[in-house]
Amino acid sequence: MLHSKPREDNYLHKGLRRQLVQTLREKGISDERVLAAIEAIPRHFFLDPAFERIAYEDRAFPINAGQTISQPYTVAYMSQLLDVKKYEKVLEIGTGSAYQACVLAELGAMVYTIERQKALYDFVGDFFFLKHYPNIKRFYGDGYIGLQSFAPFDKVIVTAAAPYVPPKLIEQLKPGGIAVIPVGDENGQKMLRISKDKEGNVTEEELGDFVFVPMLEGKNK
Ligand code: SAH
């Protein structure tokens, strides 16, 4: 399987990546740790070799099973909102290509990521690059349920459009924790940053407009 075979990361890729980081800076991403993580991760590894250049354009792109790898700006923006610290436990819903998971892992997080599509879950299991990140644990399951056995989490990130804030995900957030979730329907979503204070009180901030593939209920074989 192609995804298991190591790929090259040459000066051209690195140059394109520096340009991408510059673009993200111009679009307002200011967290240097996030920018460094994006500069470190060969995004072309996550796409078919035919799309190497497109990998460094700031846009989403189709991957397997009708899903997408999120736009680099979106990944950077959400990562910045999450404010991930080293060794924090982060729950991600929607592994997809695992690009966002790798950015979080590069930031030093212990990443727990859930994918509901078996075919995508298996595909990513073969991915050679994930061997760099023993701090990523992958699960095949339904993100609406979260991961009770590993809760609580310092941070929660949902990378699919949720019709509402899934209550279990907020339950599984530590006091002092942050969840970043795009909430809305197929016409568009508002990015929500949800904070739980030390007493367990939850507050919501509504941030920018985004478009994700839908967060669906249940697992898919
Ligand atoms: N984070 C990904 C983007 C994935 S696109 C990346 O960096 O590439 C959204 C993903 O969420 C899809 O793979 C989709 O199958 C998955 N998804 C949708 N609903 C889900 C659910 N309830 N639980 C887990 N994953 C879900």
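Predicted model: local features only at pLDDT ≥ 70, side-chain atom pairs only at ≥ 80, totals over all residues.
Student: Is Ser-70 buried or exposed?

Tutor: Buried means under 20% relative accessible area. Ser-70 has 18% relative accessibility, so Ser-70 counts as buried.

Student: Which residues is Ser-70 in contact with?

Tutor: Leave aside neighbours within four places in sequence. Then Ser-70 is in contact with Arg-43, Ala-60, Val-75 and Phe-212.

Student: And where does Ile-63 lie?

Tutor: Ile-63 is in the loop between strand E1 (61-62) and E2. Ile-63 counts as buried because its relative accessibility is 19%, and buried means under 20%. Not counting residues up to four places away in sequence, Ile-63 touches Phe-46, Leu-47, Thr-68, Ile-69, Gly-96, Ser-97 and Leu-120. Take Leu-47: Ile-63 and Leu-47 are 16 residues apart along the chain, and their C-alpha atoms are separated by 7.0 Å.

Student: How do I read burial for a whole helix?

Tutor: Go residue by residue. An α-helix has 3.6 residues a turn, so residues three or four places apart point the same way.

Student: How many residues of H4 are buried?

Tutor: Seven of its eight residues are buried, so H4 is mostly covered. The buried ones are Tyr-99, Gln-100, Ala-101, Cys-102, Val-103, Leu-104 and Ala-105. After H4 comes Gly-108, with a positive phi near 95°.

Student: Which residues other than glycine have a positive phi?

Tutor: Tyr-87 is one, with phi of about 70°. Tyr-87 is in the loop between H3 and E3. Ala-98 is another, with phi near 80°. Ala-98 lies in the loop between E3 and H4.

Student: Are Tyr-87 and Ala-98 buried or exposed?

Tutor: Tyr-87 counts as exposed, at 60% relative accessibility. Ala-98 is buried, with a relative accessible area of 1%.

Student: Where is there a cis peptide bond?

Tutor: Check omega. Ala-151 and Pro-152 are joined by a cis peptide bond, with omega about 0°. Pro-152 lies in the loop between strand E5 (136-140) and strand E6 (153-158).

Student: How many aromatic pairs are there?

Tutor: The whole structure has 19 aromatic pairs. Ring pairs can also link into a cluster. Here one cluster joins Phe-45, Phe-46, Tyr-99, Phe-127, Phe-128, Phe-129 and Tyr-133.

Student: Which charged residues lie over a ring?

Tutor: Look at the distance to the ring centre. Lys-89 lies over the face of Phe-153, 5.4 Å from the ring centre. The charged end of Arg-138 sits over the ring of Tyr-121, at 4.3 Å from its centre.

Student: How do I read a pocket?

Tutor: Take volume, then lining. The largest pocket has a volume of about 370 Å³. Its lining has 28 residues, and Gln-67, Gly-94, Glu-115, Thr-159 and Ala-160 lie nearest its centre. E2, strand E3 (89-93), helix H4 (99-106) and strand E4 (110-115) each give two or more residues to that lining. By class, the lining divides into twelve nonpolar, twelve polar and four charged residues.

Student: What is the volume of the second largest pocket, and which residues are closest to its centre?

Tutor: Its volume is about 220 Å³. Of the 16 residues that line the second largest pocket, His-3, Phe-46, Leu-47, Asp-48 and Phe-123 are the closest to its centre. The lining has eleven nonpolar, two polar and three charged residues.

Note on methods. Residues numbered from 1 in each chain as written. Heavy atoms only, no water. Buried < 20%, exposed > 50% of the residue type's maximum accessible area, 1.4 Å probe, protein only. Contact = heavy atoms within 4.5 Å. Helix = DSSP H or I, 4+ residues; strand = E, 2+ residues; numbered from the N terminus. Phe/Tyr/Trp six-rings, centres within 6.5 Å; stacked < 30°, edge-to-face > 60°. Lys NZ or Arg CZ within 6 Å of the ring centre and 35° of its normal. 1 Å grid on protein atoms, 1.4 Å probe; cavity = no way out; pocket = protein on both sides within 12 Å on 5 of 7 lines; lining within 4 Å. Points joined across faces, edges and corners; volume = space filled by probe spheres on them. Nonpolar A, V, L, I, M, F, W, Y, C, P; charged D, E, K, R; others polar.
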